[in-house]
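User: Could you take a close look at one interface in this model and walk me through what it is made of? I'd like the area, the contacts and the parts of the chain involved, all in one go.

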Number of protein chains: 6
Amino acid sequence: MRILVINPNTTVEMTKQVEAALNKVKQADTILDVTNPSSGPDGLASACDEIVSGYEVLKIIRNTKIEDYDGAIVACYSDPGLVAAKEICDIPVVGIAETCIHFACLLGRKFTVLTSSRERIPSKELYVRNAGLESRLASVRALGVSVVETTHDPARPKDAILEVGKKAVVEDGAEVLILGCAGMAGYAEDVEEQLGVPVLDPSAVALKTVEGMVRLGKKQSKVAYFAQPPKLCV
Amino acid sequence: MRILVINPNTTVEMTKQVEAALNKVKQADTILDVTNPSSGPDGLASACDEIVSGYEVLKIIRNTKIEDYDGAIVACYSDPGLVAAKEICDIPVVGIAETCIHFACLLGRKFTVLTSSRERIPSKELYVRNAGLESRLASVRALGVSVVETTHDPARPKDAILEVGKKAVVEDGAEVLILGCAGMAGYAEDVEEQLGVPVLDPSAVALKTVEGMVRLGKKQSKVAYFAQPPKLCV
Amino acid sequence: MRILVINPNTTVEMTKQVEAALNKVKQADTILDVTNPSSGPDGLASACDEIVSGYEVLKIIRNTKIEDYDGAIVACYSDPGLVAAKEICDIPVVGIAETCIHFACLLGRKFTVLTSSRERIPSKELYVRNAGLESRLASVRALGVSVVETTHDPARPKDAILEVGKKAVVEDGAEVLILGCAGMAGYAEDVEEQLGVPVLDPSAVALKTVEGMVRLGKKQSKVAYFAQPPKLCV
Amino acid sequence: MRILVINPNTTVEMTKQVEAALNKVKQADTILDVTNPSSGPDGLASACDEIVSGYEVLKIIRNTKIEDYDGAIVACYSDPGLVAAKEICDIPVVGIAETCIHFACLLGRKFTVLTSSRERIPSKELYVRNAGLESRLASVRALGVSVVETTHDPARPKDAILEVGKKAVVEDGAEVLILGCAGMAGYAEDVEEQLGVPVLDPSAVALKTVEGMVRLGKKQSKVAYFAQPPKLCV
Amino acid sequence: MRILVINPNTTVEMTKQVEAALNKVKQADTILDVTNPSSGPDGLASACDEIVSGYEVLKIIRNTKIEDYDGAIVACYSDPGLVAAKEICDIPVVGIAETCIHFACLLGRKFTVLTSSRERIPSKELYVRNAGLESRLASVRALGVSVVETTHDPARPKDAILEVGKKAVVEDGAEVLILGCAGMAGYAEDVEEQLGVPVLDPSAVALKTVEGMVRLGKKQSKVAYFAQPPKLCV
Amino acid sequence: MRILVINPNTTVEMTKQVEAALNKVKQADTILDVTNPSSGPDGLASACDEIVSGYEVLKIIRNTKIEDYDGAIVACYSDPGLVAAKEICDIPVVGIAETCIHFACLLGRKFTVLTSSRERIPSKELYVRNAGLESRLASVRALGVSVVETTHDPARPKDAILEVGKKAVVEDGAEVLILGCAGMAGYAEDVEEQLGVPVLDPSAVALKTVEGMVRLGKKQSKVAYFAQPPKLCV
């Protein structure tokens, strides 16, 4: 099967990291096309970035022969443009945040989302509430490391993930940790080993989920929330 | 005071209707600049439209001397781009949906939102849940009339509002009705008289709210959810 | 327009403070009649006080030519007698707590209510839950200063508001602070400047809200929760 | 033990009905003093009535040698003045609504409250939400019979209870019915037999609960929500 | 009346403690048969134990002439097998956890459950959420003492209850404490005296509740959640 | 990889159906061992059956060389014994209900669960609430067909699924249907085609999910809710 993976920011380095991480866990017969927009933010750090990135995600979908794909992934933990992408596609589309929070609920009663900066906490909490999973959320905690730093300076985020993740487990009762930024993905294994709880790379979870959807022949329902728009303006 | 009112769709006729409605209720010393984008959807009928319109709203703000205004209103019941607009502005910005649902809670225990089509129900319900007001929502009911029809054929929406609004009151326990589309605004008075419950035109409510904010010297808090973005990509 | 403002306690000094504060923000053409009962508690510090004050509020309304007013405000953060006042009046009536918590939701994702003493925390939390806004509440925090002290010794409450308000922002994630007692009103401006988040005086918010209601010709719905009582016993 | 039972309305006939019903189920060694105020509403039909009745309940408590009692019951399904009564008493005080909704949860997953008129539905729903039991509520349904009629014309309420109660079971999934008015109490047995679900007379449930509290030596906690008021104004 | 009390674990010492505690508070005419299974866990410390104990509870009920009893109590704070026991019995059956959390809500706005070990916190929280009472829960706190230790070494649990209970009151706002293990029952009185808040022994609360049910002629509704199973496999 | 699939009831025919359904969607390299207990209920129709089946599931796990498997599935929509199974296993264990409700949330805003009989509705609703997904639940609807009939008479359940499923979509706003019984699995494809919404066979979803977990090297967290029991009594 052929899966389109859209990193919604312009940082090519992050696109490559996502591609490498997904190649490790994909099914043998899955072909991945990992791409990113050429304009828009280099990392999502605001609702403003989410709108612009969401718009770029939609343009990529419109400019791609989407019918050549079996599924698509929006690979940024803000899931920018996701609802719209599900509307305009006739193939299964998933976001890495939505798949990961639901998957986390199978592994523990409560999970913590690690995010870059303190200012992002309300939007990450709200995202979980939207999904209905607020009673499963131990906490959202900030690393104090920006999205782009996460990509460029590997040592800093790892130390921060370990320190903040430990607090989540000990103080908040987290049983599962979610690395709430595609750029943190590389640290999952090490952190998991040191903290003794499952640590999830959302992109990897999203890939296995969409592969499952394709295999089961399922895609988003088109009768209400994800109904095909009457007109397309993108 | 000077208020920027952005109709996020391209239908000039609707912009004029909003302007006329707001001129009736504005304070004597309020100056309104009512505008709309030149590209994007002609009425919001999908999450896809919301992304595109949200993007257009942000561009209007960026291309306006926003510091010349005391406040701003996003005048579409989907509040497209609202969180981002609050982030990038240093003046009070409100959406007509958010102000109206909170205002409705002062007038009755439960309110109903009237929307255009059945497919929009989940997103309108989710909007109320986001605000935390799901326990105050009697129902979201669809008129089966599109946003643009609402503007062009005045008789049809009025009949639909009366019929569906009555069901909301009798069957769902609604005590207040919200006309969940800027284009339905003109019918509030007539419907209110016939159904005997408050019927709210969200644009008018938003204007009085933002006038109050300006008078009180209040605007959105910039410490977390609406923090100024570190970089601007729009 | 003519607005009746009822301070539900017997402390004339507090009535005057409220009057002074409201005069600063009222519309030019708004005439305020600010009054208080001659019997009942001198400050509300218990559910018992709320019942007695609520009863006094109803008696004031019954003994006033209420039809000469365009709107009314119950000006105590416990909103004593508010639901009953809405029932028996045919003009818009608002409480300062209800208007302020809804207004706060337009300015930030989460707000904190500052109250006088620790014992009042559960009732303030419950009030927010009644409104349906528990997911928007960062915390209720107590100053450890009684309602009456708040009025008589200006230095103490201010220091307490600053200290406790800061904790609310830093530890609880509050983006907006509500001064949960009419007597704290005078400190809003100073505290806002020092803490960098909106600090709300509920009486002022209520006045702008009721002025807006009057201008829009709206009042509480009389079909269910605020239905006119079949008989009046007050 | 000695229990004070306060019917908060002035209808002596209803006081006698409550007394008769409680005498049937009390422990042998329980002595009941059943009383009612001489002023206030003759049946509670509004929030306004609740304030006045609440005030009367507090006055009865203040004018009684309350230390001669082991417990007290506020015997009206609106629980008027209950929180205040718990504050000012040092003996266990319960309301018939609060005890009954919690008791109902032991007998079935979902319960329905039958109330007199449609206008009372929002306040009854809100009462359940206050208690936190909204997920256990099948519905609140109105009989369309006033509180006083309930007392004076026995045939009408019984037919209404049977008809509306059946709808609650069949359409709303109610497993338990609560007769949400002290005056409906006499019909519990007959209705239960005909509908095949537990039908609760709240006064009787309250009596057994307060007897249990007295036997266990428990009363309301005085550290926060029910703290002794610093001053008493009643 | 005759009440069957099932301690679902095999520790005879605990059965005797429960019996002694219940004998102190039972009505004069109540006859208690307190029993325990001969196989299964000696104290419930996992969901696995709950399944096994639940199965043993059902076998005890099946092997008892249950029609000789007026009511039954499952006397372990995990309420193992409770829903099933309610299904298969035609007499009122209660669990000590369910009765105690509802009873606690009559005594204070928020309660804390004390449990043995940290690992049990999620299941105790979930139990409260199942009941719908999550908004009434101050916290679940662990003593760090195993269920069996609780029985065998009286000094340790008491110190732990005092220390952890105090934290619940001061830090979490608990107004009522629940001793969330049948084995902690003996300490209620002492702890209550020292901490100044009601401290509940769940078994005692359950006994008074089931005595009340029997006296009122009520038992669990059999129309839905507790419907008689079509076939019995135990 | 090697997956143990436990049908918790004794109906061998249903075990074979599950095996056949899973063989169609499994990865090429997945080896399935599908089994069922030899004693216990032949289909789960009560909480009593759930306890007995849960116990049987635990015994199967204990009597199996579980370390030879990479993952396990409890294949009955009641997920009997699931939490306990997750506790005692060191490999990923999933239930078909939990995986399916989370998966459904990726395909639509609201889902409906189809269950066998009306009496099972409360427990199915509660299961969804436990997961925190009550805001995503359109409804639970009963087919009026027993679990065993579902297996033995293929025509009847299919007609019922079509009729009841259509009501869920049209009246309740369901966007996704879950076949809430392993025995209904064979009808997913046909029903999906006729109703135009995704129809989920929970067993198939669970298989893809556990295959994904194995591939990602994830299993349930053992630090709290699913902690290894200190002693094993099964």
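Analyst: Let's take the place where chain F meets chain A: 45 residues of chain F touch 45 residues of chain A. Keep in mind that this is a predicted model.

Start with the area. Chain F and chain A bury about 3500 Å² between them, and carbon and sulfur atoms give 63% of that. On the chain F side, the residues that lose the most area to chain A are F:Leu106, F:Leu216 and F:Lys218, which together make up 19% of what that side buries.

F:Lys218 turns up again when you go through the charged pairs. Its partner is A:Glu192: the two form a salt bridge, with the closest N and O atoms 2.4 Å apart. With a cut-off of 4 Å for such a pair, the interface of chain F and chain A has two salt bridges. As for polar contacts, the count between these chains is 19 residue pairs, with both residues at pLDDT 80 or more.

Now for the pieces of chain F that do the touching. The elements giving two or more residues to the side facing chain A are helix 1 (12-25), helix 4 (96-107), helix 5 (121-131), strand 8 (199-200) and helix 9 (202-216) of chain F. Helix 9 of chain F has the largest share, with eight residues. Sorted by type, the residues on the side of chain F that touches chain A come out as 21 nonpolar, 12 polar and 12 charged.

C:Leu106, C:Leu216 and C:Lys218 supply 19% of the area that chain C buries against chain B, more than any other three residues.

Between chain C and chain B there are two salt bridges, and B:Glu192 meets C:Lys218 in a salt bridge at 2.4 Å, N to O. The polar contacts across this interface come to 19 residue pairs, both residues at pLDDT 80 or more.

How values were computed. Residues numbered from 1 in each chain as written. Chains lettered and ligands numbered in written order. Predicted model: local features only at pLDDT ≥ 70, side-chain atom pairs only at ≥ 80, totals over all residues. Heavy atoms only, no water. Buried area = accessible area lost by both parts, 1.4 Å probe. Salt bridge = Lys/Arg side-chain N within 4 Å of Asp/Glu carboxyl O. Polar contact = N/O pair within 3.5 Å; in protein donor to acceptor, adjacent residues only side chain to side chain. Contact = heavy atoms within 4.5 Å. Helix = DSSP H or I, 4+ residues; strand = E, 2+ residues; numbered from the N terminus. Nonpolar A, V, L, I, M, F, W, Y, C, P; charged D, E, K, R; others polar.
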